[in-house]
Amino acid sequence: MSQTSDTRIDMDSIALARAFAKHLKYSQAKDEYSASKWDMFISLAMTIRDRMIERWIETQQTYHINKTKRVYYLSLEYMMGRALLNNIINLNILKDVQQAFDIYIEDMKSRHRSLVHIPIASLTLQELLDQEPDAGLGNGGLGRLAACFLDSMTTLGLPAMGYGLRYDFGIFRQEIYENGQVEEPDEWLRYGNPWEIERPEYTFRVHFGGRVDVVTQQKNTIYAWIPDLTVVGIPFDYPIIGYGNDNVNTLRLWSAKASTEFDLSDFNQGDYIAAVRNKIQAENLTKVLYPNDREYSGKQLRFQQQYFFTSCSLQDIMRRFQADHQKNWEKFTEKVAIQLNDTHPAVAISELMYILVDKEKLPWETAWDITVRTFGYTNHTLLPEALERWPVSLFQTFLPRHLQIIYEINRRFLEEISLSYPGDNERLSRMSIIEETPEKAIRMANLAIVGSHSVNGVAALHTELLKANVFHDFYEFFGDRFNSKTNGITQRRWLLMANPDLADWITEKIGRGWITDLTQLRNLEKFADDPLEQGRFEEIKKKNKSALIRLILNQTFVKNIPEDAIFDVQIKRIHEYKRQLMNILHVIMLYKRLKRQPHLDMVPRVFIFSGKAAPGYAMAKLIIKFIHCVGLVVNQDRDVKNKLKVVFLPNYGVTLAETIIPAADVSEQISTAGMEASGTGNMKLALNGALTVGTLDGANVEIQEEVGKENIFIFGMTADEVAKLRPNYKPKYYYDNDSEIRDVLDLIMSNFFCLHRPGEFESLCYDLLNYDRFMIMADLRAYANCQEQVEAVYRNKKEWYRRAILNVARMGKFSSDRVIQQYADEIWKIKPLPIDLRLRQQNGVQLPSSAE
C-alpha cells in the first residue's frame, strides 16, 4: 500500500475498488452487464479525480488565505497527452490502483459466475487506460513544453495557473490517403472529458469591433470603446497534480459562447439561419487549434482567438487580485507574474494597459510600469517568418482601442530610442512595433519585448543568436532583459510513465530520488562499463522495440521488422528546417548501395518518421508523401532483404511518442544549425537511452556538453559556418561533385518513386538544386558519413550500451524542474508553497473558501 492512506479519502486498494464500483453505478448508471469499456474508464477516472479534488481545494484555499504571489502561464497550446495514468503515478498509487482493479474483477466474477463470458470480466487495467484520447490542445514542442512546465510548477509547489483555450477539435487527426496527409477533425471531446470542471460563475465578456469615442472631462481625455460584438468566455478547469506533494494547480481553459444564443425575432420571421448566426460565429473561436491562416478568414479567426484567450485570462487575473487586494495597485507586481509562451498571447500587454488606463483610470506611466514589471516573454523561434505580425487593418476592425494603445506605446518607445541614438532612422524603423511595409502591421515580438521585463531564449545558442541577430537592436538597448532558460522535460511523464522497465532498473540502482531530482542520474555512471548492466539495459530496449514493432504492424502493416535492427527515429513537426528530407535522401543512398550490392554487410536499420504538417504548408505535405512513396518502394523490394525499412506512423501525439521514444536507438536532431530554438524531443530520446545524431543546433549543443563529445554523433556546419556560406551558396555544386548525391537526385527525377503521377517530386529536386534554403546539400555528405560511424559503433553492442547508459546518466540538466526553478528565482520571483494534507489534518486546520 502507498503511504498516503491517511488523507481524507482513503487511497488503499479496497477503498479504490469500492469507489470505482460506486462511480460505475451512480455516475455512469451502469452495472456489470451493461458497462462498456468507456464506462469503466470514466469510473476509474472519477475515482482518481475525487482524490485529486480534495488536494485541489486545499491548495487553492491555501494560496488564497496566504495571499501568495502567483505566476500565470499564458499559452495557446498545451500538448497534455493522456491524464489518467499520469495522475495515478503522481499520486503514487499505481500498485494500489492495479490491486483495486483486480479486486473489483475478482469480486465481480465471484458474484456472477456467468459473467466469464462477458467481455468486461477479462478487461485489464491497460485496456482501460487505452480508452482515453489525447487532449487535443497542442501541436508540437511548444505545447508539450507548456505541459511539462505545468507538471514541474506543481511538483515544485509553486503557486501557478495555466491559461489556454478549450478547443472543441484541437489539432487535426492526421490520416494518410494515397500516401499523403489528410486532415480530419480530432473529436477528443466527443464523449466528454472526466477531468474538467465547468466554472460558469467565472464567465467573462470579451468585446470586438465598434468604435472609440473621445470625451474630455475636467481637462482629462477619456477614451470610450463602444464595441459591436460580444463573446462570452466560459472557463473549464483541469487539475494539474504534482509528484511527491499534495499540491494541485489549475489549467483554466476558455470556451467561447455567444452572448445571445438565439434571436427569437429572426426565428419567428422564418430566418432560421440568422437566428443562430451569432452563436455560430462566437463558438467558432474555440472550435479548432490553428485555423488555416492562408486565407483572410483564417487570419481573422486566429487573431480573434488570441485576443479572446488573453482578455478572458487578464480579466480573471484581475478578479482574483482584487478579491485579495482590492485596488491596491502597488501590490500588483508583488502578487502577479505573467509569462507569455511565445508571441501568441502578446496582445495581453495592450489588454492590461486597457484595463489599467481605461477601466481603472491609472495614469499612463503608472500603468506602464506595472505592465512591464508583470510580463515575461519566452521566444521560441529564430525564423523571421515565424515572428507574428498582425495587419493593422485587423486591429482597426476588431480592436480599435488596443490599436490606439499600441500606437501610444510605440510613440513613447521610439522617443526613448531617438534620445539614445539620435538621427538613426534605420534603427527606429527596425525597432518600431509598427511595420510600415509591405503591409502596415503590428510586430508582436517587438511588442512583447518592449512590454516585458524579461525576454528569454530557450537554449544557450538560441539566446546568443537572438542577441546577435534577430533582436540585436533590442539587446543593445535592453541588455539586462535578455536571458537564457534552456528547455527541459518532466521525467515523470517521459521516463517514469513512458518507460517503466527502465525506470524500475534506475530505481533499483540508485533509489527513487531521481523522480524529483534528475541530477541523481549521475549515480548511474558507475554501471556504464558493467557487462551485466549493459545486458539488462539491452533487454529493456528490446522489450520496448517489440512493443513498437506490434504498433507499427497494427498501424502501417509494415512487416518483418527485425528486433536487432537500429531503430532510427525522427519524430517532430514536419518542416523544411527540421530536414526530414535530408533523412529520407540518406535512406535512398542506402537503398542504392543495397541494390548495387545485395549482399552488403549492413546492420539492418528501421527509419521511423512521425509528425504532422500544417494544413497550408504544401512543401511539408509533399515531404510526407515522398517519405511514404520511398517507403513503399524500399519495403517491398526483395533485394533489400529486410536490411532497410521505412515507417511513417500517422497522427503523431504524446501517446504515440510514449511508445516510440523508449524503443529508439538513434535520435535524429538534424535541423540546419542556427534554425532550431531548442528542441525537447532530443532530451526525451536521450533520457531513454537513444544516441543523438545531430547538428550543433538548439539544445544539442548543451546535450553534447553534458554527455560528452564521444557519446553523441555531431555532423555538419555550425551556425557561424551556415551564415558565412549563405551569401554565396550554390547547392548544385554538391550535385556536380558528389556522384552518390547525384545518383540519388537523378533517381528521384527519373520518377522512380512517383507512384501516383509522373513528376510529382520534381519540385523537391528543383528546390534542392537551385535554392536549398536549409542547406541540405551542403550537409548531406557529412550526414551520410556520420551515419557510417553510427553503424560501426552499433556493431559493438557493449560499447553502444555503455554510451546509452552514459546518455541517460548525464541528462539531469534537462529536467523541466530545473528550468522552472530558474524561472521562479530569476524572472517570477516566486516562492514555493507546499501543501501537506496530513499536517493540516493533524493540526485541524480549517481554511476559508477560496477566490478561485
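Modeller: Apart from neighbours within four places in sequence, Ile703 contacts Asn682, Met683, Gly708, Ile712 and Phe814. Bear in mind that this is a predicted model.

Biologist: Which helix is Ile703 in?

Modeller: Helix H27, which covers residues 700-707.

Biologist: And is Ile703 buried or exposed?

Modeller: Ile703 is buried, because its relative accessibility is 0% and the cut-off for buried is under 20%.

Biologist: What separates the C-alpha atoms of Ile703 and Tyr177?

Modeller: The separation is 38 Å, and the two residues are 526 residues apart along the chain.

Biologist: Let's move to strand E3. How many bridges join E3 to E4?

Modeller: Five, between E3 at residues 173-177 and E4 at residues 180-184, with the strands running antiparallel. One of the pairs is Gln174 with Glu183 in E4.

Biologist: What about the hairpin of E3 and E4: how many residues are between the strands?

Modeller: Two residues, and Glu178 in that hairpin has a positive phi near 50°.

Biologist: How many bridges join E13 to E15?

Modeller: Three bridges, with E15 spanning residues 441-443 and the two strands antiparallel.

Biologist: Which residue in E15 stands opposite Pro391?

Modeller: Ala441 is the residue opposite Pro391.

Notes: Residues are numbered from 1 along each chain as its sequence is written. This is a predicted model: local features need pLDDT of at least 70, side-chain atom pairs count only at pLDDT 80 or more; totals for chains, interfaces and linings use all residues. Side-chain values use heavy atoms; hydrogens and water are left out. Two strands pair if DSSP finds at least two bridges between them. Helices (H or I, at least four residues) and strands (E, at least two) are DSSP runs, numbered from the N terminus. Buried means under 20% relative accessible area, exposed over 50%, partly exposed in between (1.4 Å probe, protein chains only). Contact means heavy atoms within 4.5 Å.
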